[in-house]
Amino acid sequence: MRFGGTPAFRRAVPPEELAGEERRLRRAARAATEDFLKHSRESSGDMGSELATILEAHGLIASDETFLSAIIEHMRRERVNCEWALAAVARDMAHRLELADAEAMRERAADIADVAREIARQLSGGDPLPERELPRGSILVADELSPADAARLDPRRVRAIALERGGPTSHASIIARSFGLPAVAGVAGLCDAVSPERPIVVDGDRGIVEPAPSKEKIRRSLMKVREAREKVRRLRARTAGAAATADGVRIVVRANLELTEEFPSIERCHAEGVGLFRSEFLYLAAAPQTPTVEAQLAAYEKLIGAARGHPVVVRTYDLGGEKGIGPAPGENPALGLRGLRYCLAHPEIFEEQLTALCLASRKGELRILLPMVAGVRELRAARAHLDKVARHVGLSTAPPLGVMIEVPSAALIADRLALEADFFSIGTNDLTQYALAVDRSNPDVSALYRPLHPAILRMIRLVVEAGAARGRPVAVCGEMAADPMGIGVLVGLQIRELSVTPLAIAGVKDSLLAIDSKRARALAEKALNASEASEVEKMFRALPQAAAAALSAERRPAARIHESEPAP
């Protein structure tokens, strides 16, 4: 089946009829909003929490006055029908999102398209889409799957989802995870390659769709499904509690989030709050306008509520440069006007965000994180804006203000930053790229991207020591925090807070259970004196096995504790 879009036709409208077109648009937008919210209520619950949140967000977009005003302005300026104005404005907003650097931001262009399609459907009469009752055990193959389409599906009848469009952070992928279904998106030519009469295999782990598998392949795949379900069940049961190493050292594991639809995963994945919320999505979703203080406040309060008493760290807008928002990117946008630099150059945008954050901090433990900080001067400037806003909204004390350590200069002067920052969060992705002068997205040099390079470890150690000297918490929120070997290195470097994507939390906790912190610390001291990343990798490759052997020895009966043990 194919879920297609709704065509739009241009029609000239006399000035005296424009008011009637505006009324048509607003009626259609109200009806679309009601439909989205109705489906959201019907989709709520454990299995559909993300879908319900997505549909609720679509309802907010459909009723957003900024969105509607942009359509009405285009309609009056061009003197065209509302269907054409809707399509033009939606196309422009989607284009702005597609210019963003982050894939997740680019895929949010689908939100605008989904909402516009629903409003267009209402404009054409609002006829309900035909219901499709799938046989049990079906694999849904489509070119795309909107949240409204997903709301009409019964997840108990679907085994997997395979789509021609989208990616791992698209709404379809989020919805599939919400339903606990394997999914593969972005498979070109998929709909033409499959047939309803032939079975197919969807391998969500490898991101592969096999349109004509052999009988043996089908048998092995079914066995793999059963084994995977049992493995996930055991893993979740084992890691539902607080995280700790094999020798009992407590490690806090929080979630990295960038979409409001991901908020329910905080509780479901047993995260201890949010270690990084990438707030720029709120800005990009409101394009071409800036998000209002009220809209931001609602999002932050919802995030705090989802964290259920745990801390929430919100990173201020990381805009500009290669993000696709702001001035011309120049020859090297990653080193241009971006992150905190962009916010300080646009104080009105920065202070609006700080206002929403300060107001939201009344609802729970909220911390503010500054991206792309290179030195103390920028931190002081940001602190001045925060203190000003906090006084304006009546707070006696501003929320804690932290620095994201992703620029090498910040790592090297962490002791000076610790005098004025309240906490640190190390972004190992950018720190590695900047320190090693490697663009990991460039296939010619991506092999040189080595987070375990001794230079990176030394910078992490500098930050940890600076934080410890001033009592400033230090967390790591880059991909290194989700890598089993990287976790061992970080534990050895005395990192006690990790923040990862929600789906990685169970695996991180499981990796921690296999690490002996004392052994990791001894290896980390040696790693700091290594010459190459390969030497560090070799040192830590055997760490989990050594910890498992030590843990096994502790659990043996007393009469056998003197048996010879494997060498560490």
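Select H15 and helix H16 (residues 376–393): their axes come within 9 Å and cross at roughly 55°. Axes here are lines fitted to C-alpha atoms, for helices over the stretch in contact, and angles run from 0 to 180 degrees between N-to-C directions. Helices (H or I, at least four residues) and strands (E, at least two) are DSSP runs, numbered from the N terminus.

The model is predicted: local features need pLDDT of at least 70, side-chain atom pairs count only at pLDDT 80 or more, and totals for chains, interfaces and linings use all residues. Residues are numbered from 1 along each chain as its sequence is written, and side-chain values use heavy atoms, with hydrogens and water left out.

**Stop 1: H15 on H16**

H15 and H16 are therefore oblique to each other. The angle classes are roughly parallel under 35 degrees, roughly antiparallel over 145, roughly perpendicular from 65 to 115, and oblique for the rest.

Now show side chains. On H15, pick Pro347, Phe350, Glu351, Leu354, Thr355, Cys358 and Leu359. They meet Ala382, His385, Leu386, Lys388, Val389, Ala390 and Val393 of H16. Contact means heavy atoms within 4.5 Å. By class, this contact has 10 nonpolar, 2 polar and 2 charged residues. Ala, Val, Leu, Ile, Met, Phe, Trp, Tyr, Cys and Pro count as nonpolar, Asp, Glu, Lys and Arg as charged, and the others, Gly among them, as polar.

**Stop 2: H13 on H15**

H13 brings Val293, Gln296, Leu297, Tyr300, Glu301 and Ile304. H15 answers with residues including Glu352, Gln353, Ala356 and Ala360. The contact counts 8 nonpolar, 3 polar and 2 charged residues.

**Stop 3: H21 and H24**

Select helix H21 (residues 484–492) and helix H24 (residues 533–541). Their axes come within 10 Å and cross at roughly 90°, so the two are roughly perpendicular. Met485, Gly488 and Val489 in H21 meet Val536, Glu537, Phe540 and Arg541 in H24.

**Stop 4: the largest cavity**

A cavity is a set of points on a 1 Å grid over the protein atoms alone where a 1.4 Å probe fits but cannot get out; lining residues have an atom within 4 Å of a point. There are 4 cavities of 30 Å³ or more. The largest holds about 110 Å³, a volume being the space filled by probe spheres set on the points, which are joined across faces, edges and corners. Select its lining, including Arg254, Arg367, Phe423 and Glu497.

Methods
On a 1 Å grid over the protein atoms alone, a cavity is a set of points where a 1.4 Å probe fits but cannot get out, and a pocket is an open set with protein on both sides within 12 Å along at least five of seven lines; lining residues have an atom within 4 Å of a point.
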